[in-house]
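Visitor: Please put the sequence and the model on the screen, and then let us go through the fold one question at a time.

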Amino acid sequence: MTHLNYAHLRYFWVVAREGHLTRAAANLNVSQSTLSVQIKRLEEQLGQQLFERRNRQLVLTEAGRIALDHADSIFLLGEELLGTLGRQTGVDRVLRVGAISTLSRNFQIAFLAPLIGRDDVRIILRSGNLAALQADLEAHRIDLLLSNLAPPQESGAAWVAHLIDQQPVSLVCRPGRAGCGGGLAGLLANEPLILPSADSNIRIGFDALLDRMGIAPRIAAEVDDMALIRLLARENVGVAVIPPIVVRDELAQGHLIEAARIAELAESFYVITPTRRFPNPLVRPLIQQARLQTGDRDGASPAGP
């Protein structure tokens with residue numbers, strides 16, 4: 001029986017975490033050539049290439065990402081063993097999630113709810129812009145990407161955008177605000193508005209709606225963070241253009257009210273996954289559960305092979 005060489009695995013683990021052969025060799029107190037040989041032997045044993053070079057940088061392949069997941073768990077367990085001799089622990093499964101920084105926190109929590117609190121699952125959540133997170137997805141640094149934008153279709157792109165939900169957009173304000181008793185047109189024409197930033201899908205559709213209605217709005221604030229829009233609405237800065245899911249708790253508690261529904265607008269929520277040979281087994285059940293909760297909308301939009 002062939003056994004895994006854990007010394008080779010540790011060398012790989014350090015290189016993967018450092019992202020640079022020179023720094024890893026210094027940390028391990030070995031030469032770069034020795035380190036390269038040891039990693040090559042691990043690749044031969046696993047039958048998979050673990051790194052590829054891009055612009056003088058070592059980038060994990062998909063197989064390398066999976067090997068790193070296991071190495072993280074293996075060496076974490078080793079550290080726990082040293083600290084708590086005799087304690088029984090299981091191997092954590094890791095899910096690495098990227099989320100657009102402006103995305104509704106309520107949507108993120110609802111999507112990840114089936115895994116939150118599980119002792120055998122560790123969730124690593126990163127936020128950022130779409131371009132940076134898409135690069136992380138393609139480099140296998142994250143397992144899925146949560147977004148309210150689908151990445152542009154490109155030839156050779158190796159991802160699938162699953163449309164999980166579409167939420168309506170409303171005008172939301174503090175109870176008792178003088179202008180919030182009128183209709184949609186009156187609110188848009190007369191009330192100071194708290195708007196998403198100009199590059200958001202909601203704002204693009206909203207600006208087109210105002211143009212069709214011939215309304216020049218009073219803009220109190222333009223914000224690229226839904227959480228901040230919610231806070232500004234609570235502070236009575238103006239009337240917020242926002243999906244109700246973002247302020248679900250405030251609506252339930254009566255801190256805010258839905259003054260008018262904008263029927264022409266909706267916000268889409270996507271789960272973007274890479275077309276991987278070795279997908280993280282935690283991902284598919286999450287998508288299936290999300291579809292069940294939202295009426296199993298038909299929203300998969302494939303790209304690439």
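Guide: A residue is called buried under 20% relative accessible area, exposed over 50%, and partly exposed in between, with a 1.4 Å probe and only protein chains considered. This is a predicted model, in which local features need pLDDT of at least 70 and side-chain atom pairs count only at pLDDT 80 or more, while totals for chains, interfaces and linings use all residues. Residues are numbered from 1 along each chain as its sequence is written, and side-chain values use heavy atoms, with hydrogens and water left out.

Visitor: How many helices and strands does the protein have, and what share of its residues is buried?

Guide: Helices (H or I, at least four residues) and strands (E, at least two) are DSSP runs, numbered from the N terminus. The protein has eleven helices and eleven strands. Of its 305 residues, the buried ones make up 45%.

Visitor: Among contacts between residues at least 6 apart in sequence, what percentage joins residues at least 24 apart?

Guide: Contact here means heavy atoms within 4.5 Å. Among contacts in the protein between residues at least 6 apart in sequence, the share that joins residues at least 24 apart is 74%.

Visitor: Which residues of helix H1 are buried?

Guide: Helix H1 covers residues 6-18, and its 13 residues reach 18 Å from the first C-alpha to the last, close to the 18 Å expected at 1.5 Å a residue (the expected span being 1.5 Å times one less than the number of residues). An α-helix has 3.6 residues a turn, so residues three or four places apart point the same way. In H1, the buried residues are His8, Leu9, Tyr11, Phe12, Trp13, Val14, Val15 and Ala16.

Visitor: At the start of H1, a side-chain oxygen of which residue reaches the backbone nitrogen of alanine 7, and which residue takes a positive phi just after H1?

Guide: A polar contact is a pair of N or O atoms within 3.5 Å; within protein, one must be able to donate a hydrogen and the other to accept it, and residues adjacent in sequence count only if both atoms are side-chain atoms. At the start of H1, the oxygen that reaches to within 3.0 Å of the backbone nitrogen of alanine 7 belongs to the side chain of asparagine 5. Just after H1, a positive phi of about 75 degrees is taken by glycine 19.

Visitor: What is the N to O distance in the salt bridge between arginine 96 and aspartate 72?

Guide: Aspartate 72 is buried, with a relative accessible area of 11%, and arginine 96 is buried as well. In their salt bridge, the N to O distance is 2.8 Å.

Visitor: With the side chain of which residue does aspartate 72 make a polar contact of 2.8 Å?

Guide: Leaving aside its neighbours within four places in sequence, aspartate 72 is in contact with Trp13, Arg17, Arg96 and Arg122. Through a salt-bridge network, aspartate 72 is also linked with Arg17, Arg65, Asp69 and Arg96. The polar contact of 2.8 Å joins the side chain of aspartate 72 to that of tryptophan 13.

Visitor: The side chain of arginine 65 reaches the backbone oxygen of which residue?

Guide: Arginine 65 lies in helix H4 (residues 62-83) and is buried, with a relative accessible area of 4%. Not counting residues up to four places away in sequence, arginine 65 touches Leu60, Arg96, His140, Arg141 and Arg276. At 3.2 Å, its side chain reaches the backbone oxygen of histidine 140.

Visitor: How far is the backbone oxygen of glutamine 49 from a polar side-chain atom of threonine 61?

Guide: Threonine 61 sits in the loop between strand S2 (57-60) and H4, and at a relative accessible area of 13% it is buried. Beyond residues up to four places away in sequence, threonine 61 touches Gln49, Leu50, Phe51, Glu52 and His140. From the backbone oxygen of glutamine 49 to a polar atom of the side chain of threonine 61, the distance is 2.5 Å.

Note on methods: A salt bridge is a side-chain nitrogen of Lys or Arg within 4 Å of a carboxyl oxygen of Asp or Glu.
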